[in-house]
Amino acid sequence: MRLKFWGTRGSIPTPGKTTVRYGGNTPCIELRLSNEKLIILDAGTGIRNLGEALIENGESIKTFLLVSHPHWDHIQGFPFFKPAFISGNEITIVGGETDRVTLQKMISDQMNKIYFPIQLNELKATLKFHPIKEEQFEIFDARVETIYLNHPTFAIGYRITHRGKSLVYISDNEPFDRRVAQSIRNLEKIIVDRYLRSDGDPNQRIFDFVKNADVLIHDATYTPEEYVNRVGWGHSHYLFTINVAAKGKVKRLILFHHDPAHTDEKVDDIFKTCKREIRTRRYDFDCMAAIEGMEIEI
Ligand SMILES: [Zn+2]
Ligand SMILES: [Zn+2]
């Protein structure tokens, strides 16, 4: 498999001279299976540039777009994804939904006339919607497993296995703490119950999900000091992130969803601190920080 990062930033795009190296677009990753079949992870603003590149290649598109959750930074690029405007292309949007709002409505509401000039049903490509829960299914010849993360309302993590290699994508996830879950309760109840089922560390289900992955892309939005004042916002501090990688015995960790307030220098600092912590604790995995434009072979 091959990965390309088109957006690495969390929460809101951050153009400007202090973010040029790690990038300012919100989450979007291109995943190519060994037969060149295309899977897209999230439709943050990075998907606009991916769409331009696909059109430049002259490819006719049949793709699956795996959406982690409908927060703006993960869907906002979709109305600017040019392949969706071209007839003959086919895009299957995969993602979670709640009892109150369907997956299709989550995507189409942001294109409601009041917010956007073109409506979802005016797009010329064939659009299909595949709502999912925690389950397993096949896409092309890859196996996909999903997990509910600890993130307000809900977010889904994906594990994609293809020809013996595995990638786990966990863009937005917070350490689950029983006391916080009782007091804040900003998750769907069905998800809270799944975490509370474990007698030990409620995050064990995440550690199990990432087990032995070749690559783990995981939320590393905050420093531990910043996290103290952002409990319940749905994101990790980097010490939790490296703990997930260590507990799951992954081969490579990629720090993702950089905080919009973090400059390139700050992300450098976080990355160096993570490398130091990994050495000190004698953990055995590689660590990188996601960079817009970066390509990786798995
Ligand atoms: Zn996010
Ligand atoms: Zn989110």
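Predicted model: local features only at pLDDT ≥ 70, side-chain atom pairs only at ≥ 80, totals over all residues.

**Salt bridges and their surroundings**

Modeller: Glu-145 is buried, with a relative accessible area of 17%. The label follows from the cut-off, because buried means under 20%. The partner of Glu-145 is Arg-143, and their side chains form a salt bridge with an N to O distance of 3.1 Å. Arg-143 has a relative accessibility of 35%, so this residue counts as partly exposed.

Lys-251 and Asp-214 meet through their side chains in a salt bridge, at 3.5 Å from N to O. Here the partners sit in distant parts of the chain, 37 residues apart. Lys-251 is in the loop between helix H8 (238-247) and strand S12 (252-256), while Asp-214 is in the loop between helix H6 (204-209) and strand S11 (215-219). Lys-251 is partly exposed, at 48% relative accessible area, whereas Asp-214 is buried, at 12%.

Salt bridges can also share partners: Arg-21, Glu-265 and Asp-268 are joined in this way into one network. Glu-265 belongs to helix H9 (residues 264-280) and Arg-21 to the loop between strand S1 (2-7) and strand S2 (28-32), so the bridge ties together parts that are 244 residues apart in sequence. Both ends are partly exposed: Glu-265 has a relative accessible area of 48%, and Arg-21 has 40%. The structure holds 18 salt bridges, and the pairs described here are among them.

One cavity of 30 Å³ or more is present, and the largest cavity has a volume of about 40 Å³. Its lining consists of Ala-220, Thr-221, Leu-255, His-258, Asp-259, His-262, Val-267 and Ile-270. By class, four of these residues are nonpolar, three polar and one charged.

The largest pocket is a separate feature, with about 290 Å³ of space. Pro-70, Trp-72, Ile-75, Gln-76, Pro-79, Phe-80, Met-106, Asp-109, Gln-110, Tyr-115 and Phe-116 line this pocket. H2 and helix H3 (103-109) are the elements that give two or more residues to the lining. Eight of the lining residues are nonpolar, two polar and one charged.

On the surface, Ile-55, Phe-85 and Ile-86 make up a nonpolar patch with about 210 Å² of accessible area together. Phe-85 lies in the loop between helix H2 (72-75) and strand S5 (90-95), and this residue is partly exposed at 32% relative accessible area. Patch members must have over 30% relative accessible area, so Phe-85 passes that test.

A last point concerns distance across the model. Asn-57 is in helix H1 (residues 46-57) and counts as exposed, at 54% relative accessibility. Its C-alpha atom is separated by 37 Å from that of Asp-269, which is 212 residues away along the chain.

Key: Residues numbered from 1 in each chain as written. Chains lettered and ligands numbered in written order. Heavy atoms only, no water. 1 Å grid on protein atoms, 1.4 Å probe; cavity = no way out; pocket = protein on both sides within 12 Å on 5 of 7 lines; lining within 4 Å. Points joined across faces, edges and corners; volume = space filled by probe spheres on them. Nonpolar A, V, L, I, M, F, W, Y, C, P; charged D, E, K, R; others polar. Patch = residues over 30% accessible without salt bridge, like charges linked within 9 Å, V, L, I, M, F, W, Y side chains within 5 Å. Areas by Shrake-Rupley, 256 points an atom, 1.4 Å probe, with all protein chains shown as cover. Salt bridge = Lys/Arg side-chain N within 4 Å of Asp/Glu carboxyl O. Helix = DSSP H or I, 4+ residues; strand = E, 2+ residues; numbered from the N terminus. Buried < 20%, exposed > 50% of the residue type's maximum accessible area, 1.4 Å probe, protein only.
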